[in-house]
Amino acid sequence: MEIEHGELKIKYVLENGQIVNKVENDEGDEVELEDDELEEVEDEIDDELEDEGIEISTDSGRPMVIKNQVAASTEFPLSIDVGTNQLIITTQDGQKVVTVLPDQAVQYLLATGIINSVNLTQESDIPTTSMGPVESIVQLKVRNNEPVYEIEGIKMFRLFAFIPVSQPVKAIVSAQTGDLVTKQQSFLTNVIDLLSP
């Protein structure tokens with residue numbers, strides 16, 4: 001994970017199971033900072049991100065972006081330009097800007113009724129932030145050369161208009177536009193959907 005701050009770029013790299021910090025200047029040359037200087041820059045970055053309600057976590061060994069108790073976990077290198085507030089993932093096809101944060105994607109699905117709730121994370125997987133525990137974790141992936149969120153949720157149906165039934169639904173939401181790309185649900189869920197008003 002990289003965070004750009006002014007002329008410095010702080011990279012959080014996973015090496016031998018440990019996350020280590022590396023600092024580069026704008027030419028890409030590695031720069032040595034004293035521990036107190038690095039801590040000061042990290043504190044400034046944390047303050048700027050906190051003002052936006054965004055937290056970054058690397059506790060799970062994978063970078064996570066967290067906003068409003070919704071985290072997006074990714075396997076791709078993640079960069080944040082603090083000056084422009086751009087979130088960027090680096091894929092094999094180049095850098096992709098993520099303009100929709102994970103909480104916005106979840107809110108879109110809930111507001112449109114595509115899902116009624118997000119699957120809660122396993123209790124052992126829940127990172128705790130300064131704003132409390134994360135309520136759900138979605139996956140930030142690339143599909144057809146576009147960054148997307150994979151969100152697993154529950155859709156409530158009323159079978160024959162009165163029998164409540166809940167079924168799992170996986171929704172794919174564009175991380176660039178916030179629109180639904182596709183939703184995946186079982187054959188049984190499709191049948192229940194047809195029989196529900």
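**Close-up views of the chain**

K170 counts as partly exposed, at 24% relative accessibility; here buried means under 20% relative accessible area, exposed means over 50%, and partly exposed is anything in between (1.4 Å probe, protein chains only). This is a predicted model, in which local features need pLDDT of at least 70, side-chain atom pairs count only at pLDDT 80 or more, and totals for chains, interfaces and linings use all residues. Residues are numbered from 1 along each chain as its sequence is written, and side-chain values use heavy atoms, with hydrogens and water left out.

**View A. K141, E150 and K170 are linked in a network of salt bridges.**
A salt bridge here is a side-chain nitrogen of Lys or Arg within 4 Å of a carboxyl oxygen of Asp or Glu. By that rule the count comes to two. One is K141 with E150, where the closest N and O atoms are 3.5 Å apart. The other pairs E150 with K170, with the closest N and O atoms at 3.8 Å. This second pair links distant parts of the chain: E150 sits in strand β15 and K170 in strand β16, 20 residues apart. Helices (H or I, at least four residues) and strands (E, at least two) are DSSP runs, numbered from the N terminus. K141, for its part, is partly exposed, with a relative accessible area of 32%. As background, side chains of opposite charge can pair when their charged atoms come close.

**View B. The largest nonpolar core has 32 residues.**
What goes into such a core is a set of buried Ala, Val, Leu, Ile, Met, Phe, Trp, Tyr and Cys residues joined through side-chain atoms within 4.5 Å. L87, V98, L109, I115, L140, Y149 and I151 have the most contacts inside this core. Elements giving two or more residues to the core include α1 (35–51), α2 (102–112), β14 (136–143), β15 (146–159) and β16 (163–174). Which element gives the largest share of this core? That's α1, with four residues. Zoom in on I151: leaving aside its neighbours within four places in sequence, I151 is in contact (heavy atoms within 4.5 Å) with A105, V106, L109, I115, V118, V138, V169, K170, A171 and V173.

**View C. Helix α2 has P102, D103, A105, V106 and L109 as its buried residues.**
Looking down the axis of α2, these buried residues fall within an arc of 160°, so they line one face of the helix; the arc is that of the directions from the helix axis to the C-beta atoms. Over on the other side of α2, Q107 and A111 are exposed. Just after α2, G113 takes a positive phi of about 80°.

**View D. D103, in helix α2, is buried yet has no salt bridge.**

**View E. N68 and N145 both carry a positive phi without being glycines.**
Most residues other than glycine have a negative phi. N68 comes in at about 50° and lies in the loop between β6 (64–67) and β7. N68 is partly exposed, with a relative accessible area of 47%. N145, at about 65°, is in the loop between β14 and β15. N145 is also partly exposed, at 40% relative accessible area.

**View F. Strands β15 and β16 pair in the antiparallel sense over twelve bridges.**
Two strands pair if DSSP finds at least two bridges between them. G153 has V169 in β16 as its bridge partner. The β15–β16 hairpin has three residues between the strands, and F160 takes a positive phi near 55° there. On to the next strand: four bridges join β16 to β17 (residues 180–184), again antiparallel. V173 has L180 in β17 as its bridge partner. The β16–β17 hairpin has five residues between the strands, with G178 at a positive phi near 85°.

**View G. Strands β9 and β10 form a hairpin with two residues between them.**
Five bridges join β9 to β10 (residues 94–98), and the two run antiparallel. I89 stands opposite K96 in β10.

Notes
Lys, Arg positive; Asp, Glu negative; His and termini not counted.
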